[in-house]
Amino acid sequence: MQIKVIRDILEKNDKSAEHVRRLCRERGITLINVLGSPGAGKTSFIQSMLEHLPGKKYVIEGDIASTIDAEKIARMGVNVVQINTGGACHLIADTIYDALQQLTPEAGAIVFIENIGNLVCPSSFDLGESLRVLVSSAAEGDDKPHKYPTTFQTVDLIILSKCDVKDVIGFNDGYYRQGLRMLDLEDKLLEVSFRTGAGEQELADYLTTKLAYIKKGL
Ligand SMILES: Nc1nc2c(ncn2[C@@H]2O[C@H](COP(=O)(O)OP(=O)(O)OP(=O)(O)O)[C@@H](O)[C@H]2O)c(=O)[nH]1
Ligand SMILES: [Mg+2]
Ligand SMILES: [Zn+2]
């Protein structure tokens, strides 16, 4: 009985995600769903890409409470919609559809969605995105691909942030990469520090190429 209820929720969400996908296709919008633990660096990644990527960009901020992240984005002069879930630990496609109606992004724009800080259930909810990115910080430890394989397996790109603190916390690169290799995901990894700026330009270049392929439908 309970399993049936969970399936119903996911099936309903999948239908809404298709509506979002159709809307984005019609309007030429590229949607990027950003996943990661609380404090992993999701907002830092979005802020960095707002600076580095060309073209018009918008942001949908998901948080259980507060407008802290939305305010950071708004201060950059970027249009942003804040979704407060009031306790729910993931975003759903219905809400993204509504947020897009409010944002009315122009044709050709990129829309970033910052999902709720959570390494578990956001990965089960398709938001109709073209690209799913995981921000996985070195500060969380080198065992995360081993312990949370499901989330790692659903993303198109894994960004290892906070590489500047690897030595301080004793991050074992080999162990982290071994976890990715077991999931056949090592080629999806890019390393960066949003503090020192190391790897930021490479990340922007990679995303620019990837988004161009997505737009061509490849
Ligand atoms: N040293 C270092 N700090 C970073 C890096 N990236 C982010 N931070 C810091 O880590 C903290 C959390 O970063 P955020 O970008 O707010 O993380 P978040 O995932 O958006 O956090 P929530 O929205 O609260 O889940 C902030 O104090 C950032 O300045 C990094 O690469 N290196
Ligand atoms: Mg944030
Ligand atoms: Zn959840």
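## A polar contact, and the model

A polar contact is a pair of N or O atoms within 3.5 Å; within protein, one must be able to donate a hydrogen and the other to accept it, and residues adjacent in sequence count only if both atoms are side-chain atoms. Keep that handy for what follows.

What you're looking at is a predicted model, where local features need pLDDT of at least 70, side-chain atom pairs count only at pLDDT 80 or more, and totals for chains, interfaces and linings use all residues. Residues are numbered from 1 along each chain as its sequence is written, chains are lettered from A and ligands numbered from 1 in the order in which they are written, and side-chain values use heavy atoms, with hydrogens and water left out.

## Gln82

Let's start with Gln82, which belongs to strand E3 (residues 80-84). Strands (E, at least two residues) and helices (H or I, at least four) are DSSP runs, numbered from the N terminus.

The side chain of Gln82 has a polar atom 3.5 Å from the backbone oxygen of Ser66, and it also reaches the backbone oxygen of Glu61 at 3.2 Å. If you skip neighbours within four places in sequence, Gln82 is in contact (heavy atoms within 4.5 Å) with Glu61, Gly62, Asp63, Ser66, Thr67 and Ala70.

## Around ligand 1

Now for ligand 1. It has 17 residues around it, and the closest are Lys42, Thr43, Ser44, Asp164 and Phe194. Here, a residue counts as near if one of its heavy atoms lies within 4 Å. Helices H2 (42-52) and H3 (68-75) each give at least two residues to this shell, and H2 has the largest share, with 3 residues.

Oxygen atoms of ligand 1 also pair up with the protein: one is 2.7 Å from a polar backbone atom of Phe194, and one is 3.0 Å from a backbone N or O atom of Lys162.
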